[in-house]
Amino acid sequence: MQVSSLNEVKIYSLSAGRSLPEWLSDRKKRALQKKDVDIRRRIELIQDFEMPTVSTKIKVSRDGQYIMAVGTYKPRIRCFDTYQLSQKFERCLDSEVVTFEILSDDYSKIVFLQCGRFVEFHSQHGHYYKTRIPKFGRDFSYHYPSCDLYFVGASSEVYRLNLEQGRFLNSLQSDASESNACDINPVHFLFAMGTAEGKVECWDPRTRNRVGLLDCALSSVTADTEIDGLPSVSALKFDGALNMAVGTSTGQVLLYDLRSSNPLIVKDHHYGLPIKSIQFQHQLDLIISADCRIIKMWNKDTGKIFTSMEPEYGINDVCLYPNSGMLMTANEAPKMNIYYIPVLGPAPKWCSFLDNLTEELEENPETTVYDDYKFVTRQDLENLGLAHLIGSSLLRAYMHGFFMDIRLYHKAKMMANPFAYEEYRREKIRQKIEETRAQRVQIKKLPKVNKELALKLIEEEGEEQQVTRKRKQKNLPSLLKDDRFKVMFENPDFQVDEQSEEFRLLNPLVSKISEKRKRKLKLLEELEAQEQEEEEEPEGKASDAESSESSDDEKGWVEEVRKQRKLLRQEEKVKRQERFKEDQQTSLKPQFFEIKEGEEFRSFKDSAKKQKLMKKTLGDRLKLEEKLGTLNVCDTTVGSKQATFKLKK
């Protein structure tokens, strides 16, 4: 997959890379994939998405499931199923296809206009019917309301073939000698045809009369354009009810509003090649126009270039997959190109993995590294004494510096700095000294809160580092350096209470370990107070002593738990005795309650009844009051309810 960028728009070419021939066996293909990195890294979005020699036209069905392409040689059509990511069928034809149209939502109804004046109809099973038109055709359009096919070509007439009646109707007589392109507006079904004289004729299919004429050849000529002959119309496309884009044979694209005879924008491709395809992208208001050399995307309001693509081979047709950022082209080569532009829209649902793939590529951009060349700036060349080589073939200018051969760079550096080895040797000695210093005991500044917990974490980190070095594992992040736990060592509210019952039962051996840590804390405080300049390496305990201590701790774990439980029981007894003495000393005094004005004191049970009554639903309360006689609900003659109630005192 190749990635290119123009105007900060990323374009991913999904069909880039080497393709394997069809006649290779699966075993040989797997062997090639193991050997060749380019074959292994390529993305084959749709299997065998290619033609034997050349592809001429490519289209997508209205339901988006099928991609159809025609090409040579032999003349054929291939249908690809996007749900299966493979070819569905292939049909060979008698002559080459000029253009084709998909009449149904899927592949069940297709019409082909062929070179030998033939019009061929295909159904779901294959070939259905074949007929001929009087003159050679160049383009055709389908009029959905009347089921008419309009054919234009090497004649002044527009031939009409009705598919419902199965016969030719009276043709439309135009003023043009020949016609190259045609289209029907999808909103009001206006028929437009582009002529060889550079004009666009608009016809009303209901009355079969011409309703408008645009002179595009005159409007396409501006002060900057240079033309050799009369430009003819080579492409035509409607957008909505009022907009129409016209492509000329001299490489200009004209955008019209049907209410005006003057173009809104004239865009020149500057190649002098005929426009082959025009597409509209509605999400970003773009027009995608293509000649056989370049595909340009530009804003239809301002004419500003959005991005462009120049494939390796000539372009015959361009197809934009609906509601997505995928673009497909038919080329003068066996392989049909597929481009994905994330800015235009998301990937189609049948290849949604492209979005994740492109996001990962954008997060981790690859930097180009040249192993055989060294990048140097002008200052580096002056330091090496090679400034006189600027402009010669030994230096290749690039950005703010130059590329030079790595061997020349090493030779020049040795001559410019003969004492480089001595500097390298001093640097190595300095690194060794720093490594030995790092092994000495260093004064660690502990936080103000939870000092013992911080010391415990530091000891555990040291043990984990030794284990990870042996097992060659990655070190885990430290809690002391983590910002999420920073407050635990700053705020005194988070101080661990070691005298609490929960702490003492969960940590029965904490007494012995805490004594060791307290000693270490005292030592650290003394070292901080003294601020000794010379650091002496203290004698450490032997590993045998540590192992014996750990075994003693494991043996005395049960005894320590029992001791802690006995201590907790004794403390509870002492607390109970103190509470009992306090209760004897305190004398109870009567409490008096005041009643609000307007209320009568009956008993404490009434308040409890009120609370229970308030918890009940409204329906239950109404039923209770009906039984007591304080509320009476009855139906009226109108159909409503009447309620009479008595107020309580």
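Which residue takes a positive phi in the hairpin of S16 and S17? Let's find out in the close-ups below, all drawn from a predicted model.

**View 1. The hairpin of S16 and S17.** Gly-198 is the residue in question, with a positive phi near 85°. This hairpin has 3 residues between its strands. S16 and strand S17 (residues 199-204) run antiparallel and are joined by 4 bridges. Look for Phe-191, whose bridge partner in S17 is Trp-203.

**View 2. The hairpin of S15 and S16.** Here 6 residues lie between the strands, and Phe-189 takes a positive phi near 60°. Strand S15 (residues 179-184) pairs with S16 over 5 bridges, again in the antiparallel sense. Ser-179 sits opposite Thr-195 of S16.

**View 3. Strand S16, covered on both faces.** Because 5 of the 5 residues of S16 (residues 191-195) are buried, the strand is largely enclosed by the rest of the structure. One side carries Phe-191, Met-193 and Thr-195, the other Ala-192 and Gly-194.

**View 4. The largest nonpolar core.** Of its 23 residues, those touching the most other members are Phe-49, Ile-58, Ile-67, Met-326 and Met-328. At least two residues come from each of strands S3 (54-60), S4 (66-72), S28 (326-331) and S29 (337-340). S28 gives the largest share, 3 residues. Another core, of 16 residues, lies apart from this one and includes Ile-295, Val-318, Leu-327 and Tyr-339.

**View 5. The surroundings of Phe-49.** Leaving aside neighbours within four places in sequence, Phe-49 is in contact with Ile-58, Ile-67, Phe-80, Met-328, Lys-335, Met-336 and Ile-338.

Terms used:
Residues numbered from 1 in each chain as written. Predicted model: local features only at pLDDT ≥ 70, side-chain atom pairs only at ≥ 80, totals over all residues. Heavy atoms only, no water. Core = buried A, V, L, I, M, F, W, Y, C linked by side-chain atoms within 4.5 Å. Buried < 20%, exposed > 50% of the residue type's maximum accessible area, 1.4 Å probe, protein only. Contact = heavy atoms within 4.5 Å. Pairing = 2+ DSSP bridges.
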